[in-house]
Amino acid sequence: MLLGSAGLRADVVLLSENFDDISTLTGNGWTLSNQSTPAVGVNPGWFQGEPNTFAARSGAANSYISANYLNASVGGNVRNWLILPQLTVGPNTVLTFYTSTDTSLFPGDVLTVQVAAAGSGTYNTLLTIGDPNSAAYPTGWTKYSVNVGGAVPANVDIALVYSVQDTSINGNVIGIDDLSVVNVTSAVPEPGAWLTLSVMLTGVALRKRRQQKEGV
Amino acid sequence: MRNKAPLACVALLCAGSAVTANAAATIVIAVADGPNVGFNDPTPVSPVGGNSGRTLGEQRLKVFQEAARIWGQALTSRVPIIVSAGWQAQSCTANSAVLGSAGAVAVFRDFAGAPVRGTWYPVALANALAGVDLMPSLNPANAPDITARFNVNLGKPGCLTGMPFYLGLDSNEGSSAVDLLAVLLHELGHGLGFQTFTNPQTGAPLNNLPSVWDHYLTDASLNRTWAQMTNAQRVASATRTTQLVWGGTQVNDAARSILTAGAPALTVSAPANVVGSYQVGTATFGPALFSPGIANRQIMPVVDQPNGTGLACTALSAANVAAVSGKIALVDKGTCANTVKAANVQAAGAVAMIVVDTLDTLPPATLTGTDASIRIPSVNIALSDGNKLKTALASRTRTSSNVVATVGIDLTRRRGMDTAGRILMYAPNPVQPGSSVSHFDVTATPNLLMEPAINRDLGSSVTLPQDLTYTLLREIGWR
Ligand SMILES: [Zn+2]
């Protein structure tokens, strides 16, 4: 299922989350920690997806997790952590999720994937989405996969960190949906590499071509 | 059983005149004024509006006799109703005044003929239900059932300056006088039973028993009558504007036949935790609210202050324009005129404006000001309602929100009634002792006799189709 050629593999799903109801996350071992500065009086932190912003990738329209520039007060800096339950990862453990923002009109949203040895608090950034120096944050649900494992099996903390520098002018909103962590037991991805795949866009293009052919 | 209500009965100085002509109940006026005061004021006056009295005191008494006649005609009682009436100084300023006050002198429970056991009834009603005078021994000649006092200084400098009582009998008081006849009818209404004897400030019922009023006074948010609540629940209920209603079907059926359909409202339809009809103050500028109004639009706040509030006192920034364009703009009160805020959000493309008040007063104040260029409707909401919406708005984006609302006339309501068709009772926040919960709400349209303030357009009727006072008294037991 992941990365194609499923028939050759026996993937083990370590974690799968559709964000149907984010109030259940803490009970399932997740940590939602808004460390933005300055703190805000009315602070939504991570919140259930808003259908008026955009619909979830799958499930009910609000079935995704979201954060926004209002995580910090006006002119502050957002650093809002979404930490997965502690997992034991191996050399080929792949984190996959989908994310999107609302519009390209308000850049400045950044999401990083960071991994630390369990409980160490020393995080290494493995992936940056919306890096101002490279690609803009995607404005439609876009799939990201990253190998979160090391050379030997280890317990790790995996975090998705939403950040905005100076909310007076930067940032808007992001959503995250359909997250999974899978041990891939064969078909090894490039060690330490990460992939960004614009699956939705590709899929659309393929369908169009096929329809055109069928129409002939 | 008998219990003195906490209302003073001053010594009677002079016996009054009985009104009996065509009356189904007899109301006797016991004049409580000394020589040359109040009803005995000898100041010569000219006839006015059908009142032929030749002195100020005579004219005042004729108005009182007319009020007694009107109530006597509406009510039925074999026991004369004795009203101790007098004139004295009442609290006032140049711009506001207590016009008068009245109440039952005593309350009774569990008398022969009492409709509800363990419940206080005002003495005049208790007498009518029992068919006998339940307290004949105090002063057989004229023990008063109702005491009523009126403001002797009204219209003098410092006391609603220039607005004296109008002493005509034709409800033609004009714009610079207060119709005494309406005031008398109102105060007699209280004395006859249009009041609770439960304290709205402490929630404490009189001697731990409910008043007959409390079996009908209902909190819609709790779905309970005052008789069914704890003291703490009653205290909270007393200030729950738009939730405190009359639970009796007679009044509510009648109210539906006379109150105007459609009430100004901010109706929030999403998200679920803030859904509801919010009470609004309307604006003196911009178009009048209409139905359905600015319907099902997203609310977006203006943010132009470091603390996250938005005053909209200057032209909106590009970010704020992007936020409110095509939306209902939410701004905070203060610093500049409401018309300036309206002009700025209108220029940014907003389709309506909600002002969040700095006060929690309910109903929210009217937004004042004049600016003929304003083409969008504006409403004022209470601070706590605004904060509730802002909390829901915290999950917005820079250009859209999940808070969807309609600013307009809510046709599912009548003016002064809730969506379930119950008439609203007066429950201002903060509580107003002596006024709270014992009046109809001020939003009733057309105006009713038993609102907490006497409106200029009242006639002299206490019955349908003009008024609901007698209907309510019937509901608690009067015939
Ligand atoms: Zn009153």
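User: How much area is buried between chain B and chain A?
Analyst: Buried area is the accessible area (1.4 Å probe) that two parts lose on being put together, summed over both. Between chain B and chain A, carbon and sulfur atoms give 54% of it. The total is about 1,400 Å².

User: From which letter are the chains lettered?
Analyst: This is a predicted model, where local features need pLDDT of at least 70, side-chain atom pairs count only at pLDDT 80 or more, and totals for chains, interfaces and linings use all residues; side-chain values use heavy atoms, without hydrogens and water. Residues are numbered from 1 along each chain as its sequence is written, and in the order in which they are written, ligands are numbered from 1 and chains lettered from A.

User: Which element gives the largest share of the side of chain B that touches chain A?
Analyst: In contact (heavy atoms within 4.5 Å) are 19 residues of chain B and 19 residues of chain A. With 3 residues, the largest share on the chain B side comes from helix H8 (residues 383-393).

User: How far apart in sequence are the parts that His190(B) and His439(B) tie together?
Analyst: The zinc ion is coordinated at 2.0 Å by the NE2 atoms of His186(B), His190(B) and His439(B); donors are N, O and S atoms within 2.8 Å of the metal (3.2 Å for Na, K and Ca), and water is not among the atoms, so the site may look incomplete. His190(B) lies in helix H3 (residues 180-192) and His439(B) in the loop between strand E20 (404-414) and helix H9 (469-475) of chain B, so the pair ties together parts separated in sequence by 249 residues.

User: Are His190(B) and His439(B) buried or exposed?
Analyst: Buried means under 20% relative accessible area, exposed over 50%, and partly exposed in between (1.4 Å probe, protein chains only). By this rule His190(B) and His439(B) are both buried.

User: What distance separates the C-alpha atoms of Val48(B) and Gly168(B)?
Analyst: Val48(B) sits in the loop between strand E3 (27-31) and helix H1 (56-74) of chain B, and counts as partly exposed because its relative accessibility is 25%. Not counting residues up to four places away in sequence, Val48(B) touches Gln59(B), Tyr166(B), Leu167(B), Gly168(B) and Leu169(B). Val48(B) and Gly168(B) are 120 residues apart along the chain, but the separation of their C-alpha atoms is 5.1 Å.

Technical notes:
Helix = DSSP H or I, 4+ residues; strand = E, 2+ residues; numbered from the N terminus.
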